[in-house]
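Let's take a walk through a protein structure together, one stop at a time. Have the sequence and the 3D view ready, and follow along as we go.

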Amino acid sequence: MVKQEVLAALDGARGQYISGQELAARLGVSRTAIWKAVAALRSDGIPIEAVTNRGYTLSKNVDVLNTAAVAALLHEAPLQALQIEVVDRLPGTNSVLRARADNGAPEGLVLIAQAQSAGRGRGGHSFYSPPGGLYLSVLLRPEIGARQAVGLTAMAAVAAARAAEKLCGTPIRIKWVNDLWKNGKKVCGILTEAALDLESGMLDYAVLGLGFNVIAPAEGWPDDLRDVAGALYDGTPAPGARAMLAAAFLNEFWPLYRAGLRGGYLDEYRSRQALVGRQVLVTPRQGEPRQAAALGINDEWKLIVRFTGESRPTALNSGEVSVRLL
């Protein structure tokens, strides 16, 4: 907690020096606690400068995340409904938020991390989560059945595409069901995980997680991602870009969520599709990959394809197959 309070104080006084004594008095802690917080922030990669007899300062060009910066950019409805928490690093925002959901955390809790050490994507695959990205999870308690949970993913994809497009100024497409593409490269992945009430068959909760590649990692993409991963910004983004992106997503998502799964987002979800009209390779969990033509998205958020050699279309369930362009 002291780390985030120190970071928020320095962020609010960009380019100015604040002494350790002043920070300690402002936060009601010891100067030793301030020193430890600054050391921990530096170890997380935040370049806090210190000058004897002047104190600590944060450069105007440093992009950091804190709760106040995100909250300041929220519209009235999400600001009142959501509880924002920003931390430096977690194994994964989804796993932490699921544990809190199991302990009764309320709908609207938003957990944001500046980096993840064990991020996960669909099918339990690892999700590369270096510093500089935006990793965000939202706790939801919708009154829907398990089969409708994919609609939350589609809704989030539309909101994320709108937010990312506003910030980077480049058209964003959606690769069914849960990826965002910029210029044919993946810049965001979405993972929705849910807990089911076995008696009612309804969701107890859903945790909606998003990982944005805001910038390319300084050391470059790993070999297995070099041809598929991209970033929202080709160069260095303006300071505060991640706070703006987080707030923009929440401002877009919350009205869609409150409008319900049959709201007006489905047409946009369809119009942003990157696979429709293209030849794809469909790989089921069990069985051999097959070529198909992607035809569209139906009202249950399924991808409609026509397999090579067949005349009738088939609706694909996102939990049973993976699909890539040929």
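Keep in mind that this is a predicted model. Our tour starts with a pair of helices, α7 (residues 149-168) and α8 (residues 241-259), whose axes come within 8 Å and cross at roughly 140°. How do α7 and α8 lie to each other? An angle over 145 degrees would count as roughly antiparallel and one from 65 to 115 as roughly perpendicular, so with their crossing at roughly 140°, α7 and α8 are oblique to each other. The crossing of these two helices is right-handed.

Who does the touching here? On the α7 side, the contact includes Leu152, Met155, Ala156, Val158 and Ala159, as well as Arg162 and Lys166. On the α8 side, you'll find residues including Met244, Leu245, Phe249, Glu252, Phe253 and Tyr257. Sort the residues of this contact by type and you get 17 nonpolar ones, three charged ones and no polar ones.

Now hop over to arginine 14, which sits in the loop between α1 (2-11) and α2 (20-27). Is arginine 14 buried or exposed? The cut-off for buried is under 20% relative accessible area, and arginine 14 comes in at 17%, so it counts as buried. Its side chain makes a polar contact with the side chain of aspartate 11, at 2.5 Å. Setting aside its neighbours within four places in sequence, arginine 14 also touches a run of residues from Leu58 through Ser59, Lys60, Asn61 and Val62, plus Val64 and Pro239.

Most residues other than glycine have a negative phi, and most peptide bonds are trans. With that in mind, look at the bond joining tryptophan 176 and valine 177: this peptide bond is cis, with omega at about 5°. Valine 177 belongs to the loop between β6 (173-175) and β7 (179-182).

Then there are two asparagines to check out. Asparagine 53 isn't a glycine, yet it has a positive phi of about 70°. You'll spot asparagine 53 in the loop between β1 (48-51) and β2 (55-58). With a relative accessible area of 81%, asparagine 53 is exposed. The other one, asparagine 183, also has a positive phi, near 50°.

Leucine 281 lies in strand β10 (residues 279-284), and with a relative accessible area of 16% it is buried. What does leucine 281 touch, leaving aside its neighbours within four places in sequence? Its contacts are Pro289, Arg290, Gln291, Ser322, Val323, Arg324 and Leu326. Leucine 281 and alanine 294 are 13 residues apart in sequence, and their C-alpha atoms are 9.5 Å apart in space.

Finally, find alanine 292 in strand β11 (residues 290-297). Its relative accessible area is 0%, so alanine 292 is buried. Beyond its neighbours within four places in sequence, alanine 292 is in contact with residues including Arg278, Gln279, Val280 and Val282, and also Val305, Arg306, Phe307 and Thr308. From alanine 292 to leucine 65 you'd count 227 residues along the sequence and 43 Å through space, C-alpha to C-alpha.

Terms used. Residues are numbered from 1 along each chain as its sequence is written. This is a predicted model: local features need pLDDT of at least 70, side-chain atom pairs count only at pLDDT 80 or more; totals for chains, interfaces and linings use all residues. Side-chain values use heavy atoms; hydrogens and water are left out. Axes are lines fitted to C-alpha atoms, for helices over the stretch in contact, and angles run from 0 to 180 degrees between N-to-C directions. Helices (H or I, at least four residues) and strands (E, at least two) are DSSP runs, numbered from the N terminus. Angles under 35 degrees count as roughly parallel, over 145 as roughly antiparallel, 65 to 115 as roughly perpendicular and the rest as oblique. A crossing is left-handed if the near helix is turned anticlockwise from the far one by less than a right angle, and right-handed if clockwise. Contact means heavy atoms within 4.5 Å. Ala, Val, Leu, Ile, Met, Phe, Trp, Tyr, Cys and Pro count as nonpolar, Asp, Glu, Lys and Arg as charged, and the others, Gly among them, as polar. Buried means under 20% relative accessible area, exposed over 50%, partly exposed in between (1.4 Å probe, protein chains only). A polar contact is a pair of N or O atoms within 3.5 Å; within protein, one must be able to donate a hydrogen and the other to accept it, and residues adjacent in sequence count only if both atoms are side-chain atoms.
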